[in-house]
Amino acid sequence: MKDTDTLTFEEASRTVQDIDIRYRLLDHPDDQEDLAPARDAAWDSYSKARLNLLKPGVITTDEDLAKMEDLHNQVKAAAETQDLIVAAIRVAAFLARLAIRA
Amino acid sequence: MFNVKFRYLNLINMMILLMVTGCAGKAQCLKVAVGQFETESLAAIQAIDDMHKKELATETFSSVEKTYLFVENVLKSSRSADQNRIEHWLNPYKPGVTEKTQAEWIAFIDELKNQYVKFASIYNDIERASFTGRELVPKGIQYIENLIAQIAYFAKSVDEHPPKLLNRRGALIAELEKLRMKIEEKIAKADRNKIKSINKLSGIERSKAIANLSPRLHAVRKKWLTSLADANERQAIAQWQERWLALVAEEDELKRKTVEQCIKAVTIGLEIRKKMKEYNQISLEDISEALNRVLVLAGTVTGENYSRLQAQADKVFKDIKNDPVWQNATDLALREVNKAIKAREKAAQPESDASTGQ
């Protein structure tokens, strides 16, 4: 069974097609101008329907984004700690080499 | 003795440095792979955005055609010129999507892109935190799972609801209808001439002519339709068919490209997720091999014909569906679908009540 979004999309697609052909077959600009609001509304519904088809697929929340930011900060802090450790080891290694030579 | 202690200290320092730099190789591979996932995911989102823009795009007019259209509209219209009308005379075929709907679409695309950029940014400093931050790597799995499920969902949605270049379809169909109407006018004129010649007859001859004409009118009209189309009109119809087939092929290509890019991002994401899960057990060789696979995967999905691509997409969807780890993400997606449907039904309820006067 088709869901509501699919049915809405298919209906919007049909409506745009029908009204657009009718609009283009009107030779007079005034007649086209009279039909333009209905045509515009059909296009608007079509664009919304495409968006509504995709939107339910988005499952990442604002809370997830905040947690990602937090995890990024943890990695950053770990990087700073590691920088310090590496620097300390290098200093220690340098001092040890000096002591060995002496 | 003192010197020996320092030698040991130096050795320990070297071992720690080796461990740290060993981890750095793994972390570097992970960062490159995550960066590749970000690139392909952003390309997939861009492909969806481009696809929708093309759906709304009008046919292209040369500057000569645009000027001709404007002059015709100005001369034919019986209404006075104002800013809106001039815009209408200039662009009569532009689809009128409201600013609000356009803004919703842009916000949707921007928000999606932000999610993938944010995920990749988690691992920006992972090389420098290769040793101290190694336990943090698997913590990103839950986020990449959702992000992969999203792109897979979009691929499925585009596959099931392929893009249609409706504006250009409308232009072509209207063109064919106008051509047919022109030929129909010729038939009507021929009809009138025939009736005139029948009216000139009298008595039995006239009755015979009318009897002969009426039952076979439909068939005769059809025959005229064919016979009255001149060489130019026939050529125009043949050219129209070519343009129609080219348009349908363009739509198929647009769908193929969009789905292909989504599947590429999903496939790479799945590979990275697998390695993130085993990150602390695997060696540098394992992860660099995985990185290689990621880079190869990015190339192999490209250029597939659609049936092969669809088979690949089906396999990815099946893997996601069957893996219990994914159950949460897919369930969540389904729950969101149901929630959205219910919310829309609820919103539509008062309107229908109002319209029925309840």
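What share of the contacts in chain A with a separation of 6 or more comes from residues 24 or more positions apart? Such residues account for 50% of those contacts, where a contact means heavy atoms within 4.5 Å.

Before selecting anything, note that this is a predicted model, in which local features need pLDDT of at least 70, side-chain atom pairs count only at pLDDT 80 or more, and totals for chains, interfaces and linings use all residues. Residues are numbered from 1 along each chain as its sequence is written, chains are lettered from A and ligands numbered from 1 in the order in which they are written, and side-chain values use heavy atoms, with hydrogens and water left out.

The chain has 3 helices and 0 strands (DSSP runs numbered from the N terminus: helices are H or I with at least four residues, strands E with at least two). The radius of gyration of chain A, taken over C-alpha atoms, is 32 Å, well over the 13 Å that the globule rule (2.2 Å times the number of residues to the power 0.38) gives for 102 residues, so the chain is more spread out than a compact globule. Its C-alpha atoms fill a box of roughly 100 × 35 × 20 Å along the principal axes.

Next, colour by pLDDT, the predictor's confidence in each residue from 0 to 100. The mean for chain A is 90. Select residues 29–54: this is helix H2 of chain A, which has the highest mean among the elements, 96. Then select residues 62–101, helix H3 of chain A, which has the lowest, 86.
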